[in-house]
Every structure is written in C-alpha cells, then in structure tokens.
Amino acid sequence: MWVYEKTLLYPVRVTRPDPRMAREIITQYGGPDGELAASLRYLTQRYAMPVSQAVATLTDIGTEELAHMEIVGALVYRLIRDAPLDAIIAAGMDPYYADHDRGIYFITGTGEPWTAAYIASKGDPVADLHEDMAAEQKARATYEKLIDLSDDPDVTDVVRWLRQREVNHFQRFGETLNLVHEYLSRRRVF
Amino acid sequence: MDEERRQLLDRLVALEFTAIELQLFLDTHPDDQRALADFNATAQELAGLRELYESRYGPLLSYGFSPSPRAWRWVEEPWPWQM
C-alpha cells in the first residue's frame, strides 16, 4: 500500500505564469518518458523480479517517480494558474484550454494522451531492467531539452533536480541488473 | 506560508530526500554499514522534526501515520502545490 505525505519531495516556488513552458513541461507528466510512465513501469515490473533486492529497488524508485509526477504537476499548475487567456492563446495552449481549462491532464507536448503502450513489462528481468535504464536516460535527455527551453530560474532549478534524479536512478538500475545477472549465473551452475 | 514554517518544511524535505537516497543505495548495497548508520541517524532526526512540524501545522501523513489531536486538520490548506 501507499501512504500520502502532504509535502512535495522538492519545493516548487514558481510564481511567474508561462503557458508556453507549461505546454513543454507537461510531456514529463503524461508523455512517453514522463513520470507517470516511469512510476507505473517500475511498479508493475516488480512481480516478475527473481531477487528481492530488485523488487525493493523497483518499489522505491517507482514510488519516488510518483512523487516526481506530483512535482511536475505542481510546475505545470503554477505556470498556467494565473496565466491570462490571451497568453494561453499566444502560447498555442488554447486547444488544451478548451478540453481541460487549467486542470492538469496526462498528455505529451503535442497533445497525445497517455497510453500504456509507453511502458513494457516483459516478465523477463534482464529485458525489463534494460528498458528501465533506457527510460532513465530518455527522461534525462528530455529534462536537458527543457532546461534549454526555460528562461525562468525557478523552473530551471526544479528541472535540474529532476534531471539529476534520473542519473541516480540509472546507476541504481545498473547495479540491480548486475545482481540479477549474478543470480541467473548462480542458478545455471546448480 | 510564513518564513518560519517554510524553513522548517525545507529542513524536513531535505532530510526526507536524504533518507530516500540512502534507501535506494542500501537496496543495492545492503551490507554497507556506513550507509546503514547514516540511514538510521537520518530516520531518527526526521521523526523528531516531523513531530515538531505536525504539532504546529497539522498532520503530514495520511491513514493513521500522523495523529490529529483535538481537530481534523488534514483538510486544511496548503496542499503541496500551493506551498
């Protein structure tokens, strides 16, 4: 089960509306390499993991990604909360506004809704952990593009923090993959 | 949110982040005694700080992990994205 804590894992103190930036960041909420996909990917891959340490890593990183999803949601919310309609139109965010007003929905920057096709669960621990390592690198790459696109230091600060977490998670998944390989080679001997 | 509350919250969140990072490290290095000692020291400091924060500003955790003496303060603002 999960227990909710009434804090953000990293503070979001953005005050300047910027619907253009909101439209770009939202892909990390509901896009293929976004936080919802990351969380659900790891949490659902747990069942087929052969070693307990891999289950622990997927549980803990999958849970942290849920907290990241809340951070990205907070970023998008604060970027559009006080944005006037003409700024939303100028940023090309008016189709989003028509469907969602200033609510937060799971889509890419180009408007495609989230789909489970973004994630894999092969039931094969080696294949799944390689997917997870690739997912962390893809998320890192996207956050680097978002840093390029940001001109608000309050936004950049949060995005940099999120980028660094992907690097740490990649490291942990690499170690987990080694543990799984060790387990599988031991099993072959006996 | 007043400055005193913000500072307390920032310290709390920083400690929680420390605990998460140590937890992830320990998942793949369970025999690392230094990391284990750091984790337990962080958990202890975090429990004290959470108790102090909650006594002033209301419960942080849901489902019975935080008490709510006298009044049901869970429904009070601010929520995390409003802070």
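Modeller: One definition is needed at the outset: a residue counts as buried if 20 or more other C-beta atoms lie within 10 Å of its own, and as exposed if 12 or fewer do. Please also bear in mind that this is a predicted model.

Colleague: With that cut-off, is Arg70(B) buried or exposed?

Modeller: Arg70(B) belongs to the segment after α2 of chain B, and its phi is near 70 degrees, a positive value in a residue other than glycine. Most residues other than glycine have a negative phi. Arg70(B) has 6 other C-beta atoms within 10 Å, so the class of this residue is exposed.

Colleague: How many other C-beta atoms lie within 10 Å of Tyr63(B)?

Modeller: Tyr63(B) is also placed in the segment after α2 of chain B. Its phi is positive, near 60 degrees, although the residue is not glycine. Tyr63(B) is classed as exposed, and the number of other C-beta atoms within 10 Å is 9.

Colleague: Which peptide bond of chain B is cis, with omega near 5 degrees?

Modeller: Most peptide bonds are trans. The exception to be named here involves Pro78(B), which lies in the segment after α2 (33–57) of chain B. With omega near 5 degrees, the cis bond is the one from Glu77(B) to Pro78(B).

Colleague: What is the radius of gyration of chain B?

Modeller: Chain B has two helices and zero strands. For its 83 residues the globule rule gives 12 Å, and the computed value is well over this, so chain B is more spread out than a compact globule. The C-alpha trace spans about 45 × 25 × 20 Å along its principal axes. The radius of gyration of chain B is 15 Å.

Colleague: What percentage of the residues of chain B count as buried?

Modeller: Among contacts in chain B with a separation of 6 or more, 40% join residues 24 or more positions apart. Burial is counted over the 83 residues of the chain, and the share that count as buried is 11%.

Colleague: Which element gives the most to the side of chain A that touches chain B?

Modeller: In the contact between the chains, 24 residues of chain A meet 19 residues of chain B. Two or more residues come from each of α4 and α8 (153–189) of chain A. By class, this side of chain A holds 11 nonpolar, five polar and eight charged residues. With 11 residues, the element that gives the most is α4(A).

Colleague: How is α4(A) oriented relative to α1(B), roughly parallel or roughly antiparallel?

Modeller: Two packed helices are described by the angle between their axes and the distance between the axes. Helix α4 (residues 52–80) of chain A packs against helix α1 (residues 3–28) of chain B at about 160 degrees, with the axes 8 Å apart. Angles over 145 degrees count as roughly antiparallel. The orientation of α4(A) to α1(B) is therefore roughly antiparallel.

Colleague: How many residues of α3(A) are buried?

Modeller: Helix α3 (residues 35–45) of chain A is mostly covered. Its buried residues include Leu36(A), Arg41(A) and Tyr42(A), and α2 (27–30), α4 and α7 (125–149) of chain A are among what covers them. Of the 11 residues in α3(A), the number buried is eight.

Conventions. Residues are numbered from 1 along each chain as its sequence is written. Chains are lettered from A and ligands numbered from 1 in the order in which they are written. This is a predicted model: local features need pLDDT of at least 70, side-chain atom pairs count only at pLDDT 80 or more; totals for chains, interfaces and linings use all residues. Axes are lines fitted to C-alpha atoms, for helices over the stretch in contact, and angles run from 0 to 180 degrees between N-to-C directions. Helices (H or I, at least four residues) and strands (E, at least two) are DSSP runs, numbered from the N terminus. Angles under 35 degrees count as roughly parallel, over 145 as roughly antiparallel, 65 to 115 as roughly perpendicular and the rest as oblique. The radius of gyration is taken over C-alpha atoms; the globule rule is 2.2 Å times the number of residues to the power 0.38. Two residues are in contact if their C-beta atoms, placed from the backbone, lie within 7 Å. Ala, Val, Leu, Ile, Met, Phe, Trp, Tyr, Cys and Pro count as nonpolar, Asp, Glu, Lys and Arg as charged, and the others, Gly among them, as polar.
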